[in-house]
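Here is a protein structure for a reader who has not seen it before.

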Amino acid sequence: MKYSRIVGLGHHVPETVISNQYLSNIMDTTDEWIIERTGIKQRRWIDPAKDTVANMSAKASRMALERAGLKEQDIDFIVFATITPDYFFPGSGVLLQRELGLDGRVGALDLRNACSGFIYALSVADQFIKTGMYKTILVVGAEIQSTALDITTRGRNTAVIFGDGAGAAVLQATEKPGILSTHLHSDGNFAEELYVKDPGSSRPHAERQPEQILDTSSFKVVMNGSQVFKHAVVRFTEVINEALEANNMTKDDISLLVPHQANLRISQFIQQKMGLSDDKVYNNIMHYGNTTAASIPIAMSEAWAEGKMKKDDIICLAAFGSGFTWASALIKWQ
Ligand code: COA
């Protein structure tokens, strides 16, 4: 039986730091409100002249490959999680393949599972490795949210939350399980609680022609913050417990929980509900905001660099987001 393990992690965030103070100068908000409700102190926004989802993910991927002692040519397949691809189509996976200079033998799969995207991508890559189809897979989460945000008072409930960035993990086949399990869930009844409607195909022909679109607000993120919060705290805990039960473990076995960086209050709520000490939960949302599919690999890359993921540690990943979708992964670090 083959298993998969993470052999390298990397990340890249844009240079431009956007403080809460900056946001309070362009919309009706305050540093205190943002910190109290979300824990976010700053986020990174891209420079449109130089940053793209594809090139940020290439930088994150090269860091992950270097840390793994591998080269671009060692990659057999790419799984790319994003809801903000460079183009409406094709997906960003092929653009990353091009950036990395890989030849046509490498397939690239795009996933659109929002904040749960990285764990979904990890799960897909894990299955490909377990079946023996591929040996080395690049798993990426990358997003540019900033250029789509409504940075006026009208959009303040989302504008203060989201940030840009990219994270990557290299997965390789191994004899002993690294990824112990993944659990994936969805409930489309809540699709419109956190979504962007356009450019969607749900409109009739006349309304889908760009020159006919008079009200462009449907291109902005719509979020029912309290509904998201309410469901997130329940689903996060459920899916973490599901992972522990599936592996005959308890919360005491967790060495480090790396939750999707949705909101510091959500992470703290889960930590309290699970009864985990501060050193067992990794948060970096204070610095980057919520970077959607990129948040978990960025957090893992930083946690690894800080020496917080050691051999035989049990690492738990968990996410919740648009869809609604939610997911967990339990990993024995090798
Ligand atoms: N600055 C100042 N005031 C703001 C604000 C901002 N950035 N955003 C919203 N407000 C205002 C609202 O307009 C509202 O004002 P009103 O009472 O005069 O109508 C008030 O704050 C309370 O709004 P509400 O939406 O009820 O706030 P909240 O306590 O639910 O906090 C969130 C809002 C978004 C921080 C919170 O709902 C949340 O974190 N939800 C989860 C979001 C999330 O994690 N999303 C990502 C999922 S992957």
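Buried area is the accessible area, taken with a 1.4 Å probe, that two parts lose on being put together, summed over both. The model is predicted.

Q: Which domains does the domain assignment give for the chain?
A: The assignment divides the chain in sequence order. One stretch covers 3-177 and another covers 180-332. These are domain 1 (3-177) and domain 2 (180-332).

Q: How many residues does the contact take from domain 1 and from domain 2?
A: The centres of the domains, taken over C-alpha atoms, are 13 Å apart. Contact here means heavy atoms within 4.5 Å. On that basis domain 2 gives 47 residues and domain 1 gives 49 residues.

Q: What area do domain 1 and domain 2 bury between them?
A: Carbon and sulfur atoms carry 65% of the buried area. On the domain 1 side, Cys115, Ile119 and Tyr120 supply 18% of what that domain buries against domain 2, more than any other three residues. The area buried between the two domains is about 3,800 Å².

Q: How many residue pairs are in polar contact between domain 1 and domain 2?
A: Salt bridges between the domains number zero. Polar contacts are counted for pairs with both residues at pLDDT 80 or more. That count is 18 residue pairs.

Q: Which element gives the largest share of the side of domain 1 that touches domain 2?
A: The residues of this side divide into 23 nonpolar, 17 polar and nine charged. The largest share is seven residues, and the element is α5.

Technical notes:
Residues numbered from 1 in each chain as written. Predicted model: local features only at pLDDT ≥ 70, side-chain atom pairs only at ≥ 80, totals over all residues. Heavy atoms only, no water. Domains from an automatic or database assignment. Salt bridge = Lys/Arg side-chain N within 4 Å of Asp/Glu carboxyl O. Polar contact = N/O pair within 3.5 Å; in protein donor to acceptor, adjacent residues only side chain to side chain. Helix = DSSP H or I, 4+ residues; strand = E, 2+ residues; numbered from the N terminus. Nonpolar A, V, L, I, M, F, W, Y, C, P; charged D, E, K, R; others polar.
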